[in-house]
Each structure stands twice: as structure tokens, then as C-alpha cells.
Amino acid sequence: MTKGEKSKQLFLSGCNCSQAVAAAFAEEMNLDEELVKKLTIGFGGGMGRMREVCGAVSGMTFVISAIYNEDKGKIYERVQEVADKFKNEHGSVVCRELLGLNIKGADSPVPEERTAQYYKKRPCSEIVASASNILEEYLKTHSSKI
């Protein structure tokens, strides 16, 4: 199973976007999957459903931060590289833009119920799969502590 498939499966089982991406890489970070889900829950919905930076991008950032033991500048460079690939593929790294939402400021803090209609109207399962595939490829081609 690819990391994209795993993260999509995690999202469809109830994880938010950030949790789905980060938890798919729990083994690579040498962290328990449930702990990763706990540590990344607040990044979902574009940071606490504020619809800012996509949680999938935040999940990639979390993984890079955990895997690479480098100074801030090098980590920022790595984050920017994967975020640029994500942006080239999806047109934005901003949650509200990816979802086509016409809102300014925070959305309701109450998550929507996960129903068939929810999944039908949201591109998030495909977005987390894409983010995880981008990150998986990046990790294969860039040496790390793992």
C-alpha cells in the first residue's frame, strides 16, 4: 500500500487531513500512530477549521520536522519544496481555496458529520493521498536520519 492509499484510508475512517497524512508516516517517524493522530489533530481544517494552510500540508510539515535533524533553515527549505510541489498540483496550499469556500476568517469549530454526502462534496481524500505521495517520493530521494 502506498502512503497515499494509507492516508486516504485514514481520512475515510474519520481522521482529519493533517492526521491522515502524518499518521501514514508514523513508522518512518518511529512514533505510535495514535500519538501522531493526537499531536496533529489541531492542524485539520486549515488549522482548527480556520481554513488557512491545508492540513495535508501541515501534516507533511510535521513529518519533515520529525524525520530530519537539521537547522531551521534546512527544514524550511524542505517544507517549501514539498509545499511547492503540492501547490503546483492543486493550485494552492490554502484550505478555503482548495475547497472553493467563500468565507473570510474562521469556519465553525464544529466538524461536519462524516456522511456519504460529506465525502462526495469534499476533495480532501484525494488531497491527502496526493500530499502523502508527494512526501513519500520526497523521502525516497532525500536522505534523512531514518
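Reader: Which residues does G46 touch, not counting those up to four places away in sequence?

Author: A contact means heavy atoms within 4.5 Å. Once residues up to four places away in sequence are set aside, G46 touches R51, E52, V53, C54, G55 and C95. G46 itself sits in helix α5; helices here are DSSP runs of H or I with at least four residues, strands are E runs of at least two, and both are numbered from the N terminus. Before we go on, note that this is a predicted model, in which local features need pLDDT of at least 70 and side-chain atom pairs count only at pLDDT 80 or more, while totals for chains, interfaces and linings use all residues. Residues are numbered from 1 along each chain as its sequence is written, and side-chain values use heavy atoms, with hydrogens and water left out.

Reader: Is G46 buried or exposed?

Author: Buried means under 20% relative accessible area, exposed means over 50%, and partly exposed lies in between (1.4 Å probe, protein chains only). G46 has a relative accessible area of 0%, which makes it buried.

Reader: What does C124 touch, leaving aside its neighbours within four places in sequence?

Author: C124, a residue of helix α10, is in contact with F11 and L99 when those neighbours are left aside. C124 and F11 are 113 residues apart in sequence, yet 8.0 Å apart from C-alpha to C-alpha. C124 counts as buried because its relative accessibility is 13%. S125 also lies in α10, and its relative accessible area of 10% makes it buried.

Reader: Now the core. Which residues of the largest nonpolar core touch the most other members?

Author: A nonpolar core is a set of buried Ala, Val, Leu, Ile, Met, Phe, Trp, Tyr and Cys residues joined through side-chain atoms within 4.5 Å. In soluble globular proteins, nonpolar side chains tend to be buried together. Here the largest core has 39 residues, and F25, A56, M60, V63, F86, L135 and L139 touch the most other members. Among the elements that give two or more residues to this core are α1 (3-12), α6 (55-67) and α7 (72-90). Helix α10 gives the most, with eight residues. Take L135 as an example: apart from neighbours within four places in sequence, it is in contact with F25, M60, V63, I64 and V82.

Reader: How do I read helix packing, say of α6 and α7?

Author: Axes are lines fitted to C-alpha atoms, for helices over the stretch in contact, and angles run from 0 to 180 degrees between N-to-C directions. Helices α6 and α7 pack at about 150°, with axes 10 Å apart. Their crossing is right-handed; a crossing is left-handed if the near helix is turned anticlockwise from the far one by less than a right angle, and right-handed if clockwise. On the α6 side the contact uses A56, V57, M60, T61, I64 and S65, and α7 brings I75, R78, V79, V82, A83 and F86. These residues divide into nine nonpolar, two polar and one charged, where Ala, Val, Leu, Ile, Met, Phe, Trp, Tyr, Cys and Pro count as nonpolar, Asp, Glu, Lys and Arg as charged, and the others, Gly among them, as polar.

Reader: What about α2 and α4?

Author: Helix α2 (residues 17-24) and helix α4 (residues 33-40) pack at an angle of about 145°, and their axes are 9 Å apart. From α2, S18, Q19, A22 and A23 meet E33, V36, K37 and T40 of α4. By class, this contact has three nonpolar, three polar and two charged residues.

Reader: Last, the backbone. What is the phi of N30?

Author: Most residues other than glycine have a negative phi. N30 has a positive phi of about 60° although it is not a glycine. N30 lies in the loop between α3 and α4 and counts as exposed, at 65% relative accessibility. R51, not a glycine either, has a positive phi of about 65°. R51 is in the loop between α5 and α6 and counts as buried, at 5% relative accessibility.
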